[in-house]
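Please read the following points with the sequence and the model open beside you. They are arranged from the whole chain down to single residues.

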Amino acid sequence: MTAATTSAGGRVVPGRQEALDLFDQIRKLSFDGVGVSRESYGSTETACLEALVEWAGKRGIAASTDPAANVLFSLPDAGDQAPIVCGSHVDSVPQGGNYDGLAGVIAGLLCLKRLKDEGRRLPHPLWVAAMRGEESAWFGKAYMGSSAILGKLKPEDLALHSKRSGRTLAQAMASAGADVDMIAAGKPMPWVAAVRAYLELHIEQGPLMVARKWPTAIVSGIRGNIRHNAVRCIGEPGHSGAVPRWLRNDAVFAVSDLLMRLDEHWRVLLERGNDLVVTAGVMGTDPAEHAVSRIPGRVDFSFEVRSESTDTLEEFYRVMRAECDAVSRQRGVRFEFDRRIESAPATMDAGLVQVLLDTSKELGLPAERVASGAGHDAALFANAGIPSAMIFIRNENGSHNPAESMDIDDFMAGVEVLYESLPKLG
Ligand SMILES: [Zn+2]
């Protein structure tokens, strides 16, 4: 094996050293002393895009900027059939990792370069979209770049302020060169109407693939969720020594009982093969009145359920409300709910997923499906009716932190799955 190659399931994959160098170059451009910081529509994001354009230009890859300031790469003589778009985002969270987003863009660029080097023609040309503004950390809104592409960025989104610079999203987009009037009018980017399919390679942001020892996997779907930011369980406060068990309306015991019941329903639904994760990430008694010797009269908590399936989300939500009623009756408490917030799951295209699974198998890689718990630009393309699919790359130490750790050989294996799948997307 030479420095310029690696093996994916025994095959030789060109471009390894170029990938390492390009990741390194972008890391240096965006290093903040701790991790990388590429603010959405900020100067570092722009500098990284310019470096990618320069890298591509030296290799005969054309680049153009759309009216939302995203960059599209393609081969000049690839034909004018409906393109397959492969993309991801260039921005990062503050003090984030180098691979979240960037890996998908570099994967696409490596495929374009290899298509050119090998003189290979595809039934549908490959375009690579280097998108801006995916992370919600800067403006409090995620998927700004892909929303702008799809004509789904609202005027109230454009009025959001950057937590760092104080500029509005509209000002930041304009300074990056975007046509804010067109975006505010909700017009999709002209190129998107022709897109035949959208593919995104991305690092996994959870621990599953490391635990399973899978270098690559194919995303089965992107989880949606139902949330309540604030649920209140109201019981009755009392002296902890003076009130017998049968006369208590203890809110902490009630919420604990509720969660244990939900945990059991969760376990059973998983056993039946459903995709489901459940979290109560915020919980507390009121510090102004709680005490060791006081029966808690109130607990505030959050509720979140995520699944690839709308049916599973709704079923679990119904179960949760029914158990709240049961706990209320049995423990003399009541539950109050704030507004229910939901986001729809995104279904990956079954045909595309099958091609990626088949290619993985041919390459000696795991033909495994995993659900994406985190959201991605691919969810927007899928929910806009564009057939979409994702390749996940194993990644240790989670994401949105500088310790993100993707092995370059895992990445190259994912690039190989992408590259070898392209001719099959007729
Ligand atoms: Zn990402």
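This is a predicted model: local features need pLDDT of at least 70, side-chain atom pairs count only at pLDDT 80 or more; totals for chains, interfaces and linings use all residues.

1. Two residues are said to be in contact if their C-beta atoms, placed from the backbone, lie within 7 Å. By that criterion, 4 residues of domain 1 are in contact with 4 residues of domain 2. On the domain 1 side, the residues that touch domain 2 comprise 1 nonpolar, 3 polar and no charged residues, where Ala, Val, Leu, Ile, Met, Phe, Trp, Tyr, Cys and Pro count as nonpolar, Asp, Glu, Lys and Arg as charged, and the others, Gly among them, as polar.

2. Residues are numbered from 1 along each chain as its sequence is written.

3. Where do the domain bounds fall? Domain 1 is made of residues 5-222 together with 346-424, and domain 2 covers 224-343; such bounds come from an automatic or database domain assignment. Taken over C-alpha atoms, the centres of domain 1 and domain 2 are separated by 38 Å.

4. For the chain as a whole, the radius of gyration is 24 Å, which agrees with the value near 22 Å that a compact globule of 426 residues would have; the radius is taken over C-alpha atoms, and the globule rule is 2.2 Å times the number of residues to the power 0.38. Along the principal axes, the C-alpha atoms fill a box of roughly 85 × 50 × 40 Å. Of the contacts in the chain with a separation of 6 or more, 76% join residues 24 or more positions apart.

5. The chain holds 13 helices and 19 strands, these being DSSP runs numbered from the N terminus (H or I with at least four residues for helices, E with at least two for strands). As for burial, 45% of the 426 residues count as buried, a residue being buried if 20 or more other C-beta atoms lie within 10 Å of its own, exposed if 12 or fewer, and partly exposed in between, with C-beta atoms placed from the backbone.

6. At what angle do α9 and α10 cross? The axes of helix α9 (residues 251-271) and helix α10 (residues 310-331) come within 10 Å and cross at roughly 145°, with axes being lines fitted to C-alpha atoms, for helices over the stretch in contact, and angles running from 0 to 180 degrees between N-to-C directions. The crossing of α9 and α10 is right-handed; a crossing is left-handed if the near helix is turned anticlockwise from the far one by less than a right angle, and right-handed if clockwise. Among the residues that make the contact are F253, L258 and L262 of α9 and F316, V319 and M320 of α10. By class, the residues of this contact divide into 10 nonpolar, 2 polar and 4 charged.

7. Helices α1 and α13 pack at an angle of about 115°, their axes 10 Å apart, and the crossing of α1 and α13 is right-handed. The contact is formed by R16, A19 and L20 of α1 with I408, F411 and M412 of α13, giving 5 nonpolar, no polar and 1 charged residues.

8. Y41, with phi near 60°, a positive value, is found in the loop between α1 (16-30) and α2 (43-58), and Y41 counts as buried because it has 28 C-beta neighbours inside 10 Å. H400 likewise has a positive phi of about 60° and is found in the loop between β19 (388-393) and α13 (408-421); H400 counts as partly exposed, with 17 C-beta neighbours inside 10 Å.

9. Is V180 buried or exposed? With 20 C-beta neighbours inside 10 Å, V180 counts as buried, and its place is in helix α7 (residues 180-184). Not counting residues up to four places away in sequence, V180 touches L158, A170, M173 and A174; the C-alpha atoms of V180 and A170, 10 residues apart along the chain, are separated by 6.3 Å.
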